[in-house]
Amino acid sequence: MKLEVSASREVLFEAAAERFVTAAAAAVRASGSFQLALSGGSTPRGLYTLLAGGRHAARVEWSRVHVFWGDERCVAPQDPASNQRMVREALLDHVPLPSSHVHAIRGEDEPAAAASRYEQALREAFATPVGPPRSAPGARFDLVLLGLGEDGHTASLFPGSPAVREARRWVVAERAPKLSTWRVTLTPLVINAASEVIFLVSGRAKAAMLKRVLSGTREPDRLPAQAIQPRDGELRWLVDGAAASDLDSPRTSPT
Ligand code: 6PG
């Protein structure tokens with residue numbers, strides 16, 4: 001696991017954008033495409049906006065990028081809560097990505113049906129019609145971008161959810177208990193097959209949970225973010241100084 005602390009939120013987004021560009025180039029070299037899962041939330045939105053700007057966008061071969069979502073709220077795609085809408089507005093509407101490379105979760109469908117349909121789409125993209133996710137290039141995510149909730153959730157894997165231990169399905173429907181809404185989420189099974197997973201964490205409000213997830217007792221049922229442990233890939237925590245403020249010896253990278 002690699003932990004990188006940036007001095008500010010802006011520096012954090014710059015560091016994440018650099019990683020994104022590097023991962024995209026490496027994946028295109030290895031397999032001809034970059035298969036990417038994006039998360040919702042306000043922190044990643046800042047990264048998407050930065051990536052959509054000319055300087056970084058020009059360094060990505062968008063015609064080779066395939067965009068998937070780590071999770072979706074069960075709402076229509078035009079709903080302000082939709083992760084699809086957020087990613088389109090912040091990033092996809094501004095870069096030359098072929099529309100056939102956008103693989104959205106259908107938040108407007110019945111949640112269980114949307115989950116199984118999305119699993120089918122992933123299995124097709126990864127050429128793995130049955131069985132567990134494989135580690136071969138082209139058969140897994142090259143990058144999964146995740147956020148951390150103040151309650152320890154990630155994607156839409158909430159504390160107490162059986163999805164954290166799902167051993168067969170790649171995508172499940174989840175009722176988010178506190179929010180009384182349905183979500184569709186990737187399971188750790190498929191996330192942990194990725195070549196690289198990046199958590200992006202910003203702000204003082206996340207500090208206590210970041211410390212618990214990184215250095216507290218291992219209890220993934222209560223802290224689903226702890227269930228993310230790529231089995232044959234890299235795990236990177238990119239955080240800002242405010243989020244790192246409870247860690248014992250946060251090392252801040254140069255600004
Ligand atoms: C979502 C997410 C969720 C998010 C975290 C952190 O759809 O909300 O995918 O897991 O990444 O809750 O969100 P913030 O960056 O807004 O704190």
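Which residue in β10 is the bridge partner of Glu4? In this predicted model, local features need pLDDT of at least 70 and side-chain atom pairs count only at pLDDT 80 or more, while totals for chains, interfaces and linings use all residues. Residues are numbered from 1 along each chain as its sequence is written, and side-chain values use heavy atoms, with hydrogens and water left out.

The partner of Glu4 is Leu238. Strand β1 (residues 2–6) pairs with β10 in the parallel sense over 5 bridges; pairing requires at least two DSSP bridges between the strands. Strands (E, at least two residues) and helices (H or I, at least four) are DSSP runs, numbered from the N terminus. Strand β9 (residues 196–201) also runs parallel to β10, joined by 6 bridges, and here Ile198 has Arg236 as its bridge partner. Of the 7 residues in β10 (residues 234–240), 6 are buried, that is, under 20% relative accessible area with a 1.4 Å probe, protein chains only. Together with helix α7 (residues 207–215), β9 and β10 make a right-handed β-α-β unit: with the strands pointing away from the viewer, the path from the first strand over the helix to the second runs clockwise.

Turning to the helices, α1 (residues 9–31) and α2 (residues 42–52) have axes that come within 9 Å and cross at roughly 65°. Axes are lines fitted to C-alpha atoms over the stretch in contact, and angles run from 0 to 180 degrees between N-to-C directions. Residues of α1, including Phe13 and Phe20, meet residues of α2, among them Leu47 and Leu50, where contact means heavy atoms within 4.5 Å.

Terms used. Buried means under 20% relative accessible area, exposed over 50%, partly exposed in between (1.4 Å probe, protein chains only).
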